[in-house]
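Welcome, and please have your viewer ready. We will go from stop to stop, with something to select at each one.

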Amino acid sequence: MNLKYIKLLVLLVLILSMSYQNGFSGPRRKLGTLAAPELLIPMGSSSTALNGSNLASVSGIDAMFWNPAGLSEISSKTGEFMFSHQNYIADIKYEYAAGIVKLGGLGSIGASIRSMNFGDGIKVADENNPDGTGEFINPVYLIGTLSYGRAMTDKIHFGTNIKLISESVGQVSASGVAFDFGLQYIAGTSGLRFGVALKNLGSSMKFEGSGLDRQYTLNGGQVFRRVNLQQFDLPTNLEIGLSYGKTFAKNSNIMLSTTFQNSSYSSDEYKFGLEYNYNKIFYLRGAVSIYPDQEANEGLFGPSFGAGLKYPFNGMNVSFDYAYRIINDNSTTFNSTNQYFTVGLGF
């Protein structure tokens with residue numbers, strides 16, 4: 001039975017990888033033209049502090065965004081809940097809430113919702129009023145996710161996400177569906193783990209709506225036409241990761257992690273992270289990324305750092321995590337900080 005699972009999962013990974021290489025990979029051929037870029041904004045403080053380098057070892061509710069295979073490992077008895085608030089760039093706020101529940105031998109299921117808040121809104125302007133019409137619109141960006149993860153054997157974990165994407169800006173909107181597939185392999189008691197994830201595989205998205213209708217005067221009469229916008233592909237990417245954990249003192253543990261990311265909307269990225277924890281209560285984290293063929297308009301974010309605290313309280317595991325990402329921007333276009341605050345409950 002174990003061999004059967006291994007063959008099926010290896011075959012699945014090969015098929016998905018070949019599909020990705022044939023249809024989505026390439027040297028930045030989609031740079032600046034991808035749909036739903038909010039799918040790329042990291043969720044949760046602990047893995048953000050590691051910049052996603054922990055693809056092979058991420059577990060529990062934090063794995064829902066980074067590698068759904070990690071949903072099969074929940075340290076709590078029944079399930080987990082997470083709420084995260086993020087101060088993103090240009091006064092944008094991002095809210096994220098997620099929950100997962102164990103199903104015994106059937107694995108774990110979860111769901112999440114995330115939304116973007118654009119603050120005071122965006123000034124409306126058109127061809128007749130280039131300086132603004134006096135109106136403001138508040139875009140609504142929502143992503144709902146359904147997740148499933150299961151330990152196929154004691155060494156192989158598998159997981160998947162289904163994402164429903166909705167974007168609305170004034171009187172135009174777009175929607176789409178995306179899928180994630182993740183796999184983790186645990187190399188016994190050596191501390192080594194391997195992970196692979198194919199993310200945001202799905203349909204193209206295109207904005208439609210009455211906000212694209214225009215009225216023209218033609219031959220003395222009024223003509224109504226709708227502007228036809230181009231559709232764009234989702235930001236599909238393939239990630240491969242390796243991690244190594246070691247206990248070097250009675251209650252001190254370290255984890256080294258690295259992940260390679262390939263996509264068609266940016267240069268290849270190599271992520272390197274380090275996490276230290278004392279007795280699985282207090283955590284310190286940090287990570288850097290390397291872009292071998294980076295262009296001038298890439299690499300907005302620099303190194304990331306963070307800390308966390310996890311402690312049992314009244315029958316639950318309560319955690320608080322913080323992450324900080326450096327922004328490589330010398331102008332005043334964006335905020336000088338990109339911070340995450342996350343509260344988690346295990347029950």
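The model you are looking at is predicted.

**Stop 1: an enclosed space**

How many cavities of 30 Å³ or more does a search of the whole structure find? The search finds 2, and our stop is the second largest cavity, which holds about 50 Å³ of space. To see its lining, select M43, M64, F65, Y96, S112, R114, T145, N161, K163 and D180. Next, colour by secondary structure. Which elements each supply at least two residues of this lining? They are α3 (63-66), β3 (108-117) and β7 (156-169).

**Stop 2: aromatic pairs**

A pair of aromatic rings is described by the distance of the centres and the angle of the planes. The count for this model comes to 6 aromatic pairs, and we will visit two of them.

Select F118 and Y141 to begin. Their ring centres are 5.5 Å apart and their planes stand at 70 degrees; an angle over 60 counts as edge-to-face, so that is the name for this pair. F118 sits in the loop between β3 and β4 (122-123), while Y141 belongs to strand β6 (residues 140-151), so the pair ties together parts that are 23 residues apart in sequence. Switch to a surface view and compare the partners. F118 is partly exposed, with a relative accessible area of 21%, whereas Y141 has 15% and is buried. The cut-off that divides them is 20%, since buried means under that value.

Move on to F260 and Y270. Here the centres lie 5.0 Å apart and the planes meet at 45 degrees, so the pair is tilted. F260 is part of strand β13 (residues 252-263) and Y270 is part of strand β14 (residues 269-278), so this pair links parts that are 10 residues apart in sequence.

**Stop 3: a charge over a ring**

Select F301 and R325 and turn the view until you look down on the ring. R325 lies over the face of F301, at 3.6 Å from the ring centre.

**Stop 4: a buried glutamine**

Next, pick Q184, which you will find in strand β8 (residues 172-186). Is Q184 buried or exposed? With a relative accessibility of 1%, Q184 counts as buried. Show the backbone oxygens of A56 and V58 as well. The side chain of Q184 reaches the A56 oxygen at 3.3 Å and the V58 oxygen at 3.1 Å.

**Stop 5: two asparagines with positive phi**

Finish with a look at the backbone. Select N51, in the loop between α2 (45-49) and α3. N51 is not a glycine, yet its phi is positive, at about 55 degrees. Its relative accessibility is 13%, so N51 counts as buried.

Then go to N279, in the loop between β14 and β15 (282-290). What is the phi of N279? The value is near 55 degrees, positive in a residue other than glycine. N279 is partly exposed, with a relative accessible area of 38%.

Methods. Residues are numbered from 1 along each chain as its sequence is written. This is a predicted model: local features need pLDDT of at least 70, side-chain atom pairs count only at pLDDT 80 or more; totals for chains, interfaces and linings use all residues. Side-chain values use heavy atoms; hydrogens and water are left out. On a 1 Å grid over the protein atoms alone, a cavity is a set of points where a 1.4 Å probe fits but cannot get out, and a pocket is an open set with protein on both sides within 12 Å along at least five of seven lines; lining residues have an atom within 4 Å of a point. Grid points are joined across faces, edges and corners, and a volume is the space filled by probe spheres set on the points. Helices (H or I, at least four residues) and strands (E, at least two) are DSSP runs, numbered from the N terminus. Rings of Phe, Tyr and Trp (its six-membered ring) pair if their centres lie within 6.5 Å; planes under 30 degrees apart count as stacked, over 60 as edge-to-face and the rest as tilted. Buried means under 20% relative accessible area, exposed over 50%, partly exposed in between (1.4 Å probe, protein chains only). A charge sits over a ring if NZ of Lys or CZ of Arg is within 6 Å of the ring centre and within 35 degrees of the ring normal. A polar contact is a pair of N or O atoms within 3.5 Å; within protein, one must be able to donate a hydrogen and the other to accept it, and residues adjacent in sequence count only if both atoms are side-chain atoms.
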